[in-house]
Amino acid sequence: MSGIAPQGSAISPLLANLFMHYAFDVWMTREYPGVPFERYADDGVVHCVSESQARNLREAIANRMREVGLRLHPDKTKIVYCRDGKKRRRPYGQTEFTFLGFTFRARKAIDRNGERFASFLPAISKEAQKKISGEVRQWRLHRQIGRTFAELARAINPIVRGWMQYFGAFYRTALLPLLKRINAYLMRWIRKKFKRLRTFKKAHACWRRITRQYPRLFAHWAWVPTFW
């Protein structure tokens with residue numbers, strides 16, 4: 001894609017997406033109208049009904065990319081078996097993939113009758129978790145004792161709310177440990193800022209009082225009002 005426009009150029013993503021629309025989207029719709037797919041920038045997922053179809057289509061897409069001066073990434077281009085809870089006679093290799101910050105794989109689910117079953121579902125990927133965790137750590141919330149609780153909330157709520165809206169759209173429970181980590185930093189902030197609350201028991205009582213009185217102070221308290 002770097003040959004389409006200068007790398008780092010403000011117009012580069014727009015031109016690249018426009019190029020891929022005609023190089024891939026239009027081509028797929030014309031040549032394989034019955035095969036659904038999703039694409040974002042230069043990442044895409046194509047849904048096949050069999051392994052043979054997947055292999056044939058991978059070769060066809062590779063040829064198409066060569067026609068337009070591109071090539072498939074040798075490590076990222078994989079055939080993935082969307083495994084569910086049903087038993088199969090033979091094992092399959094790749095059974096998960098990551099797309100747009102979500103990892104798709106077999107996960108536990110509950111039907112309308114409360115029965116548990118396995119379904120192929122997305123959840124926040126390990127890479128996205130690591131990135132968010134690093135950002136939360138860089139905030140150094142527990143050291144910002146010169147600010148009020150409300151000021152901390154105003155500073156981080158727009159960011160956290162964005163994570164919740166995006167990554168919480170699917171399999172929300174995978175995001176909860178990250179949100180609880182924010183609470184752990186906030187608890188440390190309370191114990192550092194107020195000397196009388198240095199003990200865990202007193203700080204915990206303060207935490208419970210605040211979350212009862214101001215349950216919407218922090219955006220993520222709607223999902224995880226506790227810090228453990």
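# Briefing: sheet, helix packing and nonpolar cores

Arg140 has its place in the loop between helices H3 and H4. In this predicted model, phi of Arg140 is near 50°, a positive value in a residue other than glycine. At 35% relative accessibility, Arg140 counts as partly exposed. The points below turn to the sheet, then to the helices and the nonpolar cores.

**The sheet and its edges**

- Three strands make up an open sheet, ordered S3-S4-S5, and the pairing in this sheet is antiparallel.
- Strand S3 (97-99) and strand S5 (116-124) stand at the edges and have a single partner strand each, so one side of each is left without a neighbour in the sheet.
- On average, and with direction ignored, neighbouring strands of this sheet are turned by 50° against each other.
- As background, the strands of a sheet pair through backbone hydrogen bonds, in either a parallel or an antiparallel manner.

**Strand pairing and the two hairpins**

- S3 and S4 run antiparallel and are joined by three bridges, and within this pairing Thr98 has Thr103 in S4 as its bridge partner.
- The hairpin of S3 and S4 has two residues between the strands, and Leu100 takes a positive phi near 55° there.
- Leu100, which lies in the loop between S3 and S4, is a residue other than glycine with a positive phi, and at 34% relative accessibility Leu100 counts as partly exposed.
- Strand S4 (residues 102-110) is joined to S5 by nine bridges, and these two strands also run antiparallel.
- Along this second pairing, Phe102 stands opposite Ile124 in S5, while Arg107 stands opposite Ser119 in S5.
- S4 and S5 form a hairpin with five residues between them, and Gly114 in the turn has a positive phi of about 85°.

**Helix H3 against the sheet and against H5**

- Helix H3 (residues 126-139) packs on the sheet and touches S3, S4 and S5, with its direction making about 50° with that of S5.
- The axes of H3 and helix H5 (residues 176-193) come within 10 Å and cross at roughly 10°; H3 and H5 are therefore roughly parallel to each other, given that angles under 35 degrees count as such.
- On the H3 side, the contact is made by Gln129, Ile132, Ser133, Val136, Arg137 and Trp139, and on the H5 side by Leu178, Arg181, Ile182 and Tyr185.
- Sorted by class, the contact of H3 with H5 has six nonpolar, two polar and two charged residues.

**The nonpolar cores**

- The largest nonpolar core has 37 residues, and those with the most contacts inside this core are Phe149, Ile182 and Ile190; of these, Ile182 is also among the H5 residues that make the contact with H3.
- At least two residues of this core are supplied by each of S5, H3, helix H4 (149-167), H5 and helix H6 (200-213), and the largest share, nine residues, comes from H5.
- When residues up to four places away in sequence are not counted, Ile190 touches Phe149, Leu197, Ala203, Cys206, Trp207 and Ile210.
- A second, separate core of 10 residues includes Trp27, Leu57, Met65 and Leu70.

How values were computed:
Residues are numbered from 1 along each chain as its sequence is written. This is a predicted model: local features need pLDDT of at least 70, side-chain atom pairs count only at pLDDT 80 or more; totals for chains, interfaces and linings use all residues. Side-chain values use heavy atoms; hydrogens and water are left out. Two strands pair if DSSP finds at least two bridges between them. Helices (H or I, at least four residues) and strands (E, at least two) are DSSP runs, numbered from the N terminus. Axes are lines fitted to C-alpha atoms, for helices over the stretch in contact, and angles run from 0 to 180 degrees between N-to-C directions. Contact means heavy atoms within 4.5 Å. Angles under 35 degrees count as roughly parallel, over 145 as roughly antiparallel, 65 to 115 as roughly perpendicular and the rest as oblique. Ala, Val, Leu, Ile, Met, Phe, Trp, Tyr, Cys and Pro count as nonpolar, Asp, Glu, Lys and Arg as charged, and the others, Gly among them, as polar. A nonpolar core is a set of buried Ala, Val, Leu, Ile, Met, Phe, Trp, Tyr and Cys residues joined through side-chain atoms within 4.5 Å. Buried means under 20% relative accessible area, exposed over 50%, partly exposed in between (1.4 Å probe, protein chains only).
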